[in-house]
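User: Could you walk me through how the chains in this model meet?

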Amino acid sequence: MAAVSGWWDDFFWGSLVVVELFFVALIMTVLFGLIGAGAKLSNSRVAKSIASGYTIVFRGTPEILVLLLFYFGSAIILTAIAQIFDPEIKFVDFPPFWAGSFAIALIIGSYATETFRGAFLGVDPGQIEAARALGLSNLQTFIYVRIPAMWRLALPPFGNHMLSLVKDTALVAIIGLEETLFVAEQAIAYTAKPFTMYIVVGAIYLGFSTIITLTVMGLERYANRHLEVWR
Amino acid sequence: MSKADRQLMIELENVDKFFGSFQALKGVNLTVGKGEKVVVCGPSGSGKSTLIRCINRLEQHNNGKIVVNGHELTGAVKDIDAVRREVGMVFQSFNLFPHLTVIDNLMLAPKLVRKTPKAENRKKAMRLLERVKIPEQADKWPSQLSGGQQQRVAIARALCMNPEIILFDEPTSALDPEMISEVLDVMIDLAREGMTMICVSHEMGFARSVADNVVFMDEGEIVESGPPGTFFDNPKNDRTKLFLKQILSH
Amino acid sequence: MSFDIELILDSIPKMLVGIGLTFELLFLSLALGTALGIFLLILRISGRWYLAAPTMVYIYIFRGTPILVQIFIIYYGLPQLEFVRDSIFWPILKEPFGCAIVALSLNTGAYLSEIFRGGVLGVDRGLTEAAAALGISVRQRFIYITSPIAIRLCLPAYSNDVVSLMKSTALASTITLLDMMGIARTIVAETYAPYEVFISVMVIYLVITWAIQRTFAWIEKRMSRHVRREA
Ligand SMILES: Nc1ncnc2c1ncn2[C@@H]1O[C@H](COP(=O)(O)OP(=O)(O)O)[C@@H](O)[C@H]1O
Ligand SMILES: [Mg+2]
């Protein structure tokens with residue numbers, strides 16, 4: 001562990017990048033998931049088929065492939081555009097942070113699409129009817145009845161999506177983002193201690209997974225507090 | 001049969017059973033002689049299932065003594081599977097093995113436990129299916145049968161190990177009303193053939209026609225017991241009276 | 001920037017050369033991972049804390065860290081340790097193929113044991129009680145009653161895990177293996193045509209995913225014939 005001592009600050013900054021990447025991608029994931037679920041539940045055949053295509057492609061392709069396609073694909077386009085203005089330019093890339101978070105969000109969003117769709121359909125129609133019968137408006141029913149019920153159903157699978165998401169951030173090191181795995185590689189180049197450095201990375205990710213798991217457990221308890229039995 | 005030559009098959013002496021701090025059986029005493037039929041009734045949660053589940057040790061009692069066909073079920077039982085072979089059980093929810101056909105449900109235990117030849121097991125299983133009057137369903141899946149048929153298969157399955165005793169836990173409670181009698185008929189036949197039976201049931205007609213002894217339980221205790229004539233017509237305990245009034249008004 | 005059809009036609013056969021390696025990685029780690037998953041399950045449900053607790057820690061670690069980090073620890077990290085280099089496992093661990101198999105199997109075993117546990121817990125307790133009441137022993141109950149029913153219950157989750165594993169095999173390309181993904185990355189590095197090459201390989205992966213899903217749907221249908229009602 002002595003070998004790590006000079007690298008703690010780098011690992012710290014690397015972890016911070018993971019956290020940023022996680023939250024940015026999380027927001028986009030929710031967005032893609034909601035759009036996808038909305039499209040799948042809509043009456044438009046076009047929207048439905050686009051959404052099905054989306055989930056089939058992004059759930060059936062290796063994550064690393066999606067990431068590389070996005071990163072190098074966008075670089076090709078950006079370089080071509082840049083060369084219109086200055087033919088001397090050899091390579092312009094999309095910042096790895098944004099290419100990475102976008103690619104990860106598209107992948108996890110395809111899973112979230114199914115989760116949100118399932119949660120929407122899983123709400124007991126009797127509850128909705130009861131709310132209507134009480135004279136709640138469509139919007140009120142949606143906000144006070146459907147959203148809370150959906151959230152209870154979606155929470156456990158969405159917790160798993162968040163775990164996948166945080167773990168997928170490690171892939172972004174492949175396109176050169178300076179997160180923990182990237183830090184480890186640099187540290188290894190100096191110290192020649194690959195086992196030690198990668199174990200540190202593993203421990204950092206285990207910490208993130210633990211935080212997410214505990215948070216989701218807390219949220220689940222909160223969401224299901226009405227089911228608790230009085231003793 | 002006089003008391004003297006009564007051969008005891010089941011003996012419970014001061015049996016207590018706890019689930020955590022909750023006491024489900026409180027000092028239960030009960031004896032069942034060979035060939036006798038006992039019907040157990042009582043409100044939901046009174047410990048009827050717990051009582052018969054202790055007899056084949058699906059639950060372990062905490063205090064007291066249970067002796068089944070000469071085997072003492074106290075402390076560490078050496079070969080509980082051997083005891084269970086002598087005691088058949090029929091459940092409220094049938095519990096047929098869904099991944100096996102009807103005949104395979106009957107042939108499984110003989111195959112695994114007795115290791116008798118397949119042809120012999122099959123012949124025996126068919127004979128039992130005839131006894132419960134559904135030989136034509138032998139090769140169907142349980143899910144293709146009606147509730148009454150499934151429960152009759154379950155009775156046949158319990159018989160395939162030649163038990164000396166059969167325990168029934170509310171065998172007709174999960175059935176649609178029109179299927180109850182087909183199951184009770186099979187049970188009455190069994191009773192006539194001299195099987196030793198303990199039956200948790202609220203079917204009073206059945207109890208009157210086959211029971212030697214009716215037992216009423218409440219809150220983990222045996223409150224009252226006696227032959228059906230006295231039990232139904234002259235109950236002594238107030239709780240028994242109330243209970244009988246409630247089920248008869250249904 | 002145009003779509004180069006000729007390049008696609010040229011590179012698809014090259015990438016298909018790597019499909020053999022992709023399948024080797026998939027089937028070998030699936031077989032080993034399944035065996036490990038069953039082993040972990042048995043420890044987990046043994047009812048002995050000194051067997052169950054280490055199993056839970058193992059599962060927690062392997063599910064809580066990125067598979068990429070696990071691959072790196074095994075391939076780049078382990079050689080740092082002298083006792084690993086001196087051990088009988090060294091012939092396997094010094095080869096990238098061996099490392100990929102070890103990492104994928106250890107990882108998938110952790111996920112599968114949880115899936116299997118879900119299946120076992122899903123088996124109605126009444127069924128094992130009915131078997132117990134017939135005098136069938138604990139071991140025979142597990143083999144003849146619990147297992148067949150649990151297998152059917154966890155088949156959909158198992159199928160999803162096979163797809164995940166298939167996608168993870170693409171990470172073998174990060175430790176120099178030339179599976180389909182590895183070849184695709186090589187071709188992209190040479191031709192600098194990410195769209196053509198990556199999209200072609202994506203299609204191949206999607207076909208494999210589809211084939212896995214069809215196969216399991218077929219198995220599931222066959223195994224569920226006893227729940228189909230004939231009117
Ligand atoms: N496995 C168990 N764990 C905790 N409590 C139990 C368990 N089984 C039964 N009980 C409790 O024991 C009491 C008696 O149950 P049971 O024997 O099933 O009643 P009955 O069959 O008469 O309806 C009930 O209050 C029930 O809640
Ligand atoms: Mg009961």
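Here are some questions and answers on the contacts between chains.

Analyst: A quick note first: this is a predicted model, where local features need pLDDT of at least 70 and side-chain atom pairs count only at pLDDT 80 or more, while totals for chains, interfaces and linings use all residues. Residues are numbered from 1 along each chain as its sequence is written, chains are lettered from A and ligands numbered from 1 in the order in which they are written, and side-chain values use heavy atoms, with hydrogens and water left out.

User: Which chains have the most contacts between them?

Analyst: Contact here means heavy atoms within 4.5 Å. Chains A and B have no contact, and their closest C-alpha atoms lie 13 Å apart. Of the two pairs of chains that touch, the one with the most contacts is A and C.

User: What area is buried between chain A and chain C?

Analyst: Chain A brings 39 residues to this contact and chain C brings 36 residues. Buried area is the accessible area (1.4 Å probe) that two parts lose on being put together, summed over both. Carbon and sulfur atoms give 77% of it, and the total is about 3200 Å².

User: Which side chains meet in a salt bridge?

Analyst: The rule asks for a side-chain nitrogen of Lys or Arg within 4 Å of a carboxyl oxygen of Asp or Glu. Across the interface of chain A and chain C it finds one salt bridge. At 3.7 Å, N to O, the partners are A:Glu63 and C:Lys167.

User: Which element gives the most to the side of chain A that touches chain C?

Analyst: Helices are DSSP runs (H or I, at least four residues), numbered from the N terminus. Those of chain A that give two or more residues to this side include H2 (45-60), H7 (180-191) and H8 (194-223). With twelve residues, the one that gives the most is H3(A).
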